[in-house]
Amino acid sequence: MAFTRLRVGVPRAPEAGLVSEHFSQAPQRLSFYSWYGSARLFRFRVPPDTVLLRWLLQVSRDSGAACTDAEITVHFRSGAPPVINPLGTRFPDDTSVQPSFQVRVPLSAAPLSNVSVNVSHPAPGDWFVAAHLPPASQKIELKGLAPTCAYVFQPDMLVKRVVEISIVEPDVPLPQTLVSHPSYLKVFVPEYTRELLLELQGCVANGSLGCPVRLTVGPVTLPGNFQKVLTCAGAPQPCRLLLPSPPWDRWLQLTAESLVGPHGTVAFSAVATLTACRPWSVTVQPLLQSGQNQTFNASAGWPSPGPDHQDLGRSGGVGGGPFCLTNQPVTREDTDVVSVHFQPLDRLSVTVRSDTPSVMRLRLNTGMDSGGSLTVSLRANQTEIRNETLVVACLNAASPFLSFNTSLNCTTAFFQGHPLSLSAWSRKANLIIPYPETDNWYLSLQLTCSENEEDCEQAAVHVETTLYLVPCLNDCGPYGQCLLLRRHGYLYAGCSCKAGWRGWGCTDNETAQTVAQQKAATLLLTLSNLMFLAPIAVSVQRFYLVEASVYAYTMFFSTFYHACDQPGEAVLCILSYDTLQYCDFLGSGTAIWVTILCMARLKTVLKYVLFLLGTLVIAMSLQLDRRGIWNMLGPCLFAFVIMASMWVYRCGHRRQCYPTSWQRWAFYLLPGVSMASVGVAIYTSMMTSDNYYYTHSIWHVLLAGSAALLLPPPAEPAEPWACSQKLPCHYQICKNDREELYTVT
């Protein structure tokens with residue numbers, strides 16, 4: 001058994017004051033990666049006040065000969081499913097993606113491998129684990145025919161949670177003494193907090209002045225980690241850490257550790273100072289008008305005296321100092337699963353000024369919003385934005401970016417934001433964030449001037465915002481299909497691409513087929529079914545009308561199934577895709593079934609009974625598992641056994657080979673069997689995603705051609721109550737097969 005341990009951070013949590021908890025989920029069988037649905041997703045909930053998180057990853061495989069050495073890739077992310085790209089494809093334009101944090105678990109000689117991943121001070125909330133095998137091969141494997149190997153993955157989560165924790169109240173010193181164990185503290189950051197100042201005062205180490213303390217602030221989030229670590233020196237001056245725009249409306253974890261050794265003592269006082277951000281809220285006309293004509297503050301829900309008071313407040317006329325942001329009310333409209341539309345409450349554009357940032361809050365904190373793609377589109381008015389003005393915007397989670405006057409990097413205390421900008425040369429800006437973290441997101445906009453700042457003070461730009469959460473970007477385009485995936489009630493979306501297109505939104509055309517190639521492929525797959533006209537004509541000529549009907553059914557539905565199966569422009573669906581696929585599979589299996597039974601030359605009643613029973617059995621098996629090869633191969637082998645038994649019986653009864661004619665063997669049976677054998681070999685072992693259009697078309701031709709050659713000659717032309725001879729004197733001699741009598745009428 002191979003055992004590997006990986007560490008993220010330095011877990012040095014003691015046992016005193018901690019409780020351990022264990023979480024597990026059912027194992028899942030891994031798949032080779034072809035699109036995001038190939039990865040197996042696990043969702044865990046990390047409890048608050050967790051100081052150590054340990055993942056125990058166990059991968060096992062079968063011991064059969066089909067199992068080879070493999071390397072399993074495991075991705076981790078907090079707040080949302082990991083955005084992965086094992087195929088190295090291009091993401092859509094304007095997409096912001098961070099590389100996922102991943103570990104690799106090798107499986108070589110041992111059938112079982114374990115890996116341990118430690119995370120110190122993890123962020124509370126949802127954590128996601130995704131695992132998959134290497135990229136899949138292009139060969140199309142038939143289910144149940146080729147030997148397979150089962151790779152099973154199971155993650156367990158062990159957490160250590162602190163139960164003895166001190167709360168730091170704002171502006172109130174909290175005495176602490178460090179001996180051999182760290183001190184765990186937390187401070188609550190209310191909404192509209194602009195800055196948080198953490199300070200260690202009055203430090204005394206072993207009776208002398210000094211502050212040998214390491215202060216760890218904030219949680220660890222993957223893949224990005226903005227956790228702050230402050231190492232205080234031995235100087236007597238206070239040790240400080242200033243955090244701009246800390247995460248709002250949540251507890252912030254603090255861990256203080258002594259640096260003087262296991263027997264030293266450090267005493268200090270922890271002080272937290274909060275700087276409040278005074279918001280100015282845009283007032284809007286209420287949606288439902290009452291009898292009085294008044295406006296309401298959309299943020300606080302209280303009546304607002306009117307626009308005169310707003311102007312005074314914006315300029316700082318009301319006591320309490322100037323405002324630090326303009327709160328733009330936003331409505332959230334849930335339109336479908338993982339589909340949300342955000343827009344200003346008054347359905348108008350957002351006014352952007354230079355004195356304070358305009359902030360829009362996007363509530364993506366329901367726990368079910370992280371499985372889609374957040375799209376942000378900004379457009380400025382042409383007549384309002386000038387050459388020297390610039391509208392800058394930042395999209396951040398947990399808290400807004402408010403320091404446009406000093407920096408434009410969109411970095412808050414624990415989050416790297418996503419920047420956008422609008423100018424006279426570029427009045428539109430777009431941003432796409434796949435799988436946004438579960439949190440409140442904030443879009444901050446402010447007007448800046450590069451030359452004359454005085455002109456900027458009186459200027460205002462109206463920016464139209466288009467904010468959506470969609471399952472898939474542009475519904476995966478014309479060459480993809482947006483599919484909703486589910487894991488224990490959690491829904492997330494992914495794109496399944498066709499025609500050689502790849503990527504997160506099926507926008508990578510590096511290996512894509514051209515429109516001409518798509519049309520050629522469609523024509524090959526559909527027109528190759530015209531080869532079934534040959535067995536239809538032979539069946540009608542030889543009075544095999546039931547067999548002719550089956551071949552016509554197969555030709556019709558195979559043609560329109562493959563016309564509907566194509567992506568892009570070359571597609572035509574007369575029925576639903578699932579119906580066409582089922583009818584195509586049913587027709588193919590029934591055509592093989594009736595051809596083999598027809599070759600057996602059974603009695604008429606028995607043959608038609610087997611025709612019907614075999615069709616019903618094939619229909620039932622396809623309903624159970626449409627792509628199971630043995631569900632179709634089983635009835636066909638049974639028909640072949642019946643045919644072989646009848647031929648052997650006739651050989652023994654007649655004491656000569658059956659069929660008796662060498663011409664029948666040389667010109668019909670041997671060519672027909674050869675065509676069928678080549679078709680089966682191509683269908684089972686030569687089809688790949690690249691040559692599918694050619695090999696499957698050849699399969700159509702060989703299947704239809706073999707049926708035309710293998711159909712037996714017609715039986716005796718005499719039929720029940722059929723007139724076999726017509727006399728010149730208008731008398732007819734008719735034969736009754738039942739009574740074996742000849743009558744003259």
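Predicted model: local features only at pLDDT ≥ 70, side-chain atom pairs only at ≥ 80, totals over all residues.
**Exercise 1. Sort the residues of β36 by face: which are on the covered face and which on the uncovered one?**

Solution. 
Step 1. Strand β36 covers residues 461-470.
Step 2. Its covered face holds Val461, Val463, Thr465, Leu467 and Leu469.
Step 3. Its uncovered face holds His462, Glu464, Thr466, Tyr468 and Val470.
Step 4. An unreviewed UniProt entry lists residues 468-507 as "domain: EGF-like". That span is 0% helix and 48% strand, and its end C-alpha atoms lie 20 Å apart.

**Exercise 2. State the strand order of the six-stranded open sheet and identify the strands at its edges.**

Solution. 
Step 1. The order is β22-β26-β30-β35-β32-β33, with mixed pairing.
Step 2. β22 (279-281) and β33 (418-422) each have a single partner strand, so one side of each has no neighbour in the sheet. These two are the edge strands.
Step 3. From one strand to the next, the twist averages 30°.
Step 4. Strand β32, residues 389-397, pairs with β33 over five bridges in the antiparallel sense. Within that pairing, Val392 has Ser421 of β33 as its bridge partner.

**Exercise 3. Work out how helices α6 and α7 are arranged relative to each other.**

Solution. 
Step 1. Helix α6 spans residues 577-600 and helix α7 spans residues 604-624.
Step 2. Their axes come within 9 Å and cross at roughly 150°.
Step 3. Angles over 145 degrees count as roughly antiparallel. α6 and α7 are therefore roughly antiparallel.
Step 4. The crossing of α6 past α7 is right-handed.
Step 5. List some of the residues that meet. On the α6 side they include Tyr582, Phe585, Gly589 and Trp593. On the α7 side they include Lys607, Phe611, Gly614 and Ile618.

**Exercise 4. Decide whether Thr595 is buried or exposed, and list what Thr595 touches beyond its sequence neighbours.**

Solution. 
Step 1. Thr595 is in helix α6.
Step 2. Its relative accessibility is 7%. The cut-off for buried is under 20%, so Thr595 counts as buried.
Step 3. Set aside neighbours within four places in sequence. Thr595 then contacts Tyr551, Ala707 and Leu710.

**Exercise 5. Compare the UniProt "transmembrane region" entries with the model.**

Solution. 
Step 1. The unreviewed entry lists residues 523-545, 605-623, 629-649 and 665-686.
Step 2. Residues 605-623 are 100% helix and 0% strand, with end C-alpha atoms 28 Å apart.
Step 3. Residues 629-649 are also 100% helix and 0% strand, with end C-alpha atoms 30 Å apart.

How values were computed:
Residues numbered from 1 in each chain as written. Heavy atoms only, no water. Buried < 20%, exposed > 50% of the residue type's maximum accessible area, 1.4 Å probe, protein only. Helix = DSSP H or I, 4+ residues; strand = E, 2+ residues; numbered from the N terminus. UniProt positions renumbered as here; feature names shortened; annotations may be inferred. Axes fitted to C-alpha atoms, helices over the stretch in contact; angles between N-to-C directions. Parallel < 35°, antiparallel > 145°, perpendicular 65-115°, else oblique. Left-handed = near helix turned anticlockwise from the far one by under 90°. Contact = heavy atoms within 4.5 Å. Pairing = 2+ DSSP bridges.
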